[in-house]
Amino acid sequence: MTFLTRHLSIHGRVQGVGFRWALSAEAKALGLRGWVRNRNDGSVEALVLGPPEAVEALTAWAHHGPSTAIVARVVSRDEPTSEDHESLTGFRQVPTF
């Protein structure tokens, strides 16, 4: 099976509105692995790994997020899938960076 690894940086009113929780729930529902966290600059950052269709679906979801969020922009970049990425299990929230 082919996997895609994508890094997402979501900007706007995305902290304090349940964005991390909602993104994590959406990623789990799509069967993705990875993590999500708040950034000190007010953005939300995520690393997702899974089937390309599921990664694309989560990326599309991130452009609007939960109803309480106001997403100004999403910056995404695909990354080579490394052994570190492949060792990820499940999807979790990690501490702010």
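Axes are lines fitted to C-alpha atoms, for helices over the stretch in contact, with angles between N-to-C directions running from 0 to 180 degrees. Helices (H or I, at least four residues) and strands (E, at least two) are DSSP runs numbered from the N terminus. The model is predicted: local features need pLDDT of at least 70, side-chain atom pairs count only at pLDDT 80 or more, and totals for chains, interfaces and linings use all residues. Residues are numbered from 1 along each chain as its sequence is written, and side-chain values use heavy atoms, without hydrogens and water.

**Helix pair**
- Helix α1 (residues 19–29) and helix α2 (residues 52–62) have axes that come within 10 Å and cross at roughly 155 degrees.
- The two helices, α1 and α2, are therefore roughly antiparallel (angles over 145 degrees).
- Phe19, Ala22, Leu23, Glu26 and Ala27 of α1 make the contact with Leu58, Trp61 and Ala62 of α2 (heavy atoms within 4.5 Å).

**His7**
- His7 lies in strand β1 (residues 4–13) and is buried, at a relative accessible area of 11% (buried is under 20%, exposed over 50% and partly exposed in between, with a 1.4 Å probe and protein chains only).
- Beyond its neighbours within four places in sequence, His7 is in contact with residues including Glu45, Leu47 and Val75.

**Thr68**
- Thr68 is in the loop between α2 and β4 (70–79) and is partly exposed, with a relative accessible area of 37%.
- Leaving out neighbours within four places in sequence, Thr68 is in contact with Arg13 and Val17.
- From C-alpha to C-alpha, Thr68 and Glu26 are 15 Å apart in space, and they are 42 residues apart in sequence.

Technical notes: Angles under 35 degrees count as roughly parallel, over 145 as roughly antiparallel, 65 to 115 as roughly perpendicular and the rest as oblique.
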